[in-house]
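Please read the following walk through a two-chain model with the sequence and the coordinates at hand.

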There are 2 protein chains.
Amino acid sequence: MNNRVIALSGGIGGAKLALGLAKVLDADELVVVANTGDDFEHLGFTICPDTDTLLYTLGGVSNEAAGWGRADESWSFMEALKQSDPDNAWFLLGDKDLETHRYRTQALANGSKLTEITANLASEFKVAPAILPMSDDPVRTFVLAENETGTSWLPFQEYFVKLQCEPRMLKVEYRGSQQAGVSPQLKQALTEHVPRAIVICPSNPFLSVDPILSVPGMVDLLRGCGAPVIAVSPVVGGQALKGPTAKIMQELGMTVDVTAIAEHYRGIIDGLVIDGQDRGQIVPVQETGIKAMVTNTVMVSLEDRKQLARDVLRFASSVERA
Amino acid sequence: MNNRVIALSGGIGGAKLALGLAKVLDADELVVVANTGDDFEHLGFTICPDTDTLLYTLGGVSNEAAGWGRADESWSFMEALKQSDPDNAWFLLGDKDLETHRYRTQALANGSKLTEITANLASEFKVAPAILPMSDDPVRTFVLAENETGTSWLPFQEYFVKLQCEPRMLKVEYRGSQQAGVSPQLKQALTEHVPRAIVICPSNPFLSVDPILSVPGMVDLLRGCGAPVIAVSPVVGGQALKGPTAKIMQELGMTVDVTAIAEHYRGIIDGLVIDGQDRGQIVPVQETGIKAMVTNTVMVSLEDRKQLARDVLRFASSVERA
């Protein structure tokens, strides 16, 4: 059990590496910590998009083309919703997917903890590694966005899905975070043995990883557990492979490169995995005090995912804790 | 507006005549009162099967072959539910149908009344006549059923759908009924003008009609509104055309014939519409003090539904209030 890898992940991009890790590790060697900052209440359901993407991806029931949602899905509920309540039909909910939200919502109403609910779902989808929500307490990401007349705070999914990240992001807040705690299960995973590695998956730093890190006690647990902390850069060749990471970095006045990622995670990570396209930045990364490793981080095939997982683990074993 | 017909209806059987009435009357001439005794809480949703059957039937979006549920339905949610929670997969919920339950459940949680919610759904499904739940207050039908070791009270849908009316019914209760009230909208419909007729549709007396009549004040309003009260017998030729009416009558020690139906509704109705097969019982029915009219009550085609509606209305206009 001291071979355990703890991976921090958002949705689609992070889940790719999580799947790679799941394929190269034994079931009890992997714990995936899911961002819950993008959870939201919608149509009466509590929806946990990143957790569900991890569940479906690691359970082998995901829509691989989309990266989210379930395979062999149908959309009759959405059809009916578009008729009955078109203003609330901006978040796509597949018919099978709905049962996940139905179950979770009802279990929460009955007093179950998110960790326990997620474990039940994982068992249903035959997910071998543990998937742990970053907290059992609600944390909700809000984005301060520029609009035509000024600025307004948007709940994350309105910014992300409804407005498709169109407005300029000025600031991000993880509401509820300061009242939230690390769950007992995650605390135990981080303290009962020294993990082999902490891996920050190539997820959006602001929208997927920082919410996890914002939970009081989380950074101390990660830094204090004795394992090397390794991030995989979500930026490759000055671009984000998926999602609005690059756009947001620009809006926040950052340079869109792996050095900026290293700066962002400085004090948290010991090593950064960067793509071959960014080998020119090894020196500036290392000047931040963070070790760099170069490999292919662009995951197209399952083999890519597994290879990156193996590379990350090899790198972790070579990195001394700072 | 004093041409208004108030029809009391359960699900499938009643909805057939309600559709016939809707086709032969103007939109503002028909109010359908829906049984809510078979409403139930399931999977976190509040489900109103009889109301939904009326909505879908009168809205022209019903699955005509089944008589319940929506046309062009898909079943992915059920597929997922059978995987995740097979013990709770006994009540079929189509994917489109789910949006109805989702909307109603959320609106109830937000404090809306069932009457208002039903009106919104009716408007969405372009249902012209008013559909009014018998009450805004929850009434839940329970069946005292015989089992191998004794007896037990079953919530209605467990008896009706899960156990398919298999156990012997010893007794039926409409829980919450004594605390329930007739809604202001229904009270108004029954009092603002003298209706043309009150029509009790050919629904199950014990499971669909009596729950409506059990709401305090309902019988007085129906009897006091000045309109003739006409029932259409759900029993034809000693059998129920649909559902467990005949079985239940036997279990309750009744003879399965139209005279027993007349006896059951004695004091409530002024006239009973019976099928040609039962013309031999005109005399015993009339001996109960209830007028009888003979016509074809077996509704196969839409024309049958319209013809029966016309016959019922003609009969009503000929019946003096007792």
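In chain B, strand β1 (residues 5-9) and strand β2 (residues 30-34) pair in the parallel sense over five bridges, where strands (E, at least two residues) and helices (H or I, at least four) are DSSP runs numbered from the N terminus, and where two strands pair if DSSP finds at least two bridges between them. Within this pairing, L8(B) has V33(B) of β2(B) as its bridge partner. This is a predicted model, in which local features need pLDDT of at least 70 and side-chain atom pairs count only at pLDDT 80 or more, while totals for chains, interfaces and linings use all residues. Residues are numbered from 1 along each chain as its sequence is written, and chains are lettered from A and ligands numbered from 1 in the order in which they are written.

The two strands belong to an open sheet of seven strands in chain B, with the order β5-β2-β1-β9-β10-β13-β14 and parallel pairing. The edges are held by β5 (130-133) and β14 (291-295) of chain B, each of which has a single partner strand, so one side of each is left without a neighbour in the sheet. From one strand to the next the twist averages 25 degrees; axes here are lines fitted to C-alpha atoms, for helices over the stretch in contact, and angles run from 0 to 180 degrees between N-to-C directions.

Helix α7 (residues 184-191) of chain B lies across β1, β2 and β5 of chain B and runs at about 120 degrees to β5(B). Contact, in this account, requires that the C-beta atoms of two residues, placed from the backbone, lie within 7 Å.

Two packed helices are described by the angle between their axes and the distance between the axes. Helix α1 (residues 12-24) of chain B packs against helix α13 (residues 302-318) of chain B at an angle of about 75 degrees, with their axes 7 Å apart. That angle makes α1(B) roughly perpendicular to α13(B), on a scale where angles under 35 degrees count as roughly parallel, over 145 as roughly antiparallel, 65 to 115 as roughly perpendicular and the rest as oblique. On the side of α1(B) the contact is made by K16(B), L17(B), L19(B), G20(B), L21(B), K23(B) and V24(B), and on the side of α13(B) by R305(B), K306(B), L308(B), A309(B) and R310(B). By class, this contact of α1(B) with α13(B) has six nonpolar, one polar and five charged residues, with Ala, Val, Leu, Ile, Met, Phe, Trp, Tyr, Cys and Pro counted as nonpolar, Asp, Glu, Lys and Arg as charged, and the others, Gly among them, as polar.

Turning to chain A, its secondary structure comes to 13 helices and 14 strands. The radius of gyration of chain A is 19 Å, close to the 20 Å that the globule rule gives for 322 residues, so chain A is as compact as a globular protein of that length; the radius is taken over C-alpha atoms, and the rule is 2.2 Å times the number of residues to the power 0.38. Along its principal axes, the C-alpha trace of chain A spans about 55 × 50 × 40 Å.

In chain A, four bridges join strand β2 (residues 30-34) to β5(A), and the two run parallel, with V32(A) standing opposite I131(A) in β5(A). Helix α13 (residues 302-318) of chain A packs on the sheet, touching β1, β9 (197-200), β10 (229-232), β13 (271-275) and β14 of chain A, and its direction makes about 145 degrees with that of β13(A).

How many residues of chain B are in contact with chain A? There are 22 of them, in contact with 22 residues of chain A. Both α3 (76-84) and α4 (95-109) of chain B supply at least two residues each to the side that touches chain A, and α4(B) gives the most, with nine residues. By class, that side of chain B has seven nonpolar, seven polar and eight charged residues.

Finally, a rotation of 180 degrees with 0.0 Å of shift along its axis superposes chain B on chain A, at an RMSD of 0.0 Å, the copies being superposed by least squares on the C-alpha atoms of residues with pLDDT of at least 70 in both. That is the relation of a two-fold axis. In chain B, the C-alpha nearest the axis is that of D95(B), 2.9 Å from it. The same surface serves both copies, as 100% of the contact residues of chain B recur in chain A.
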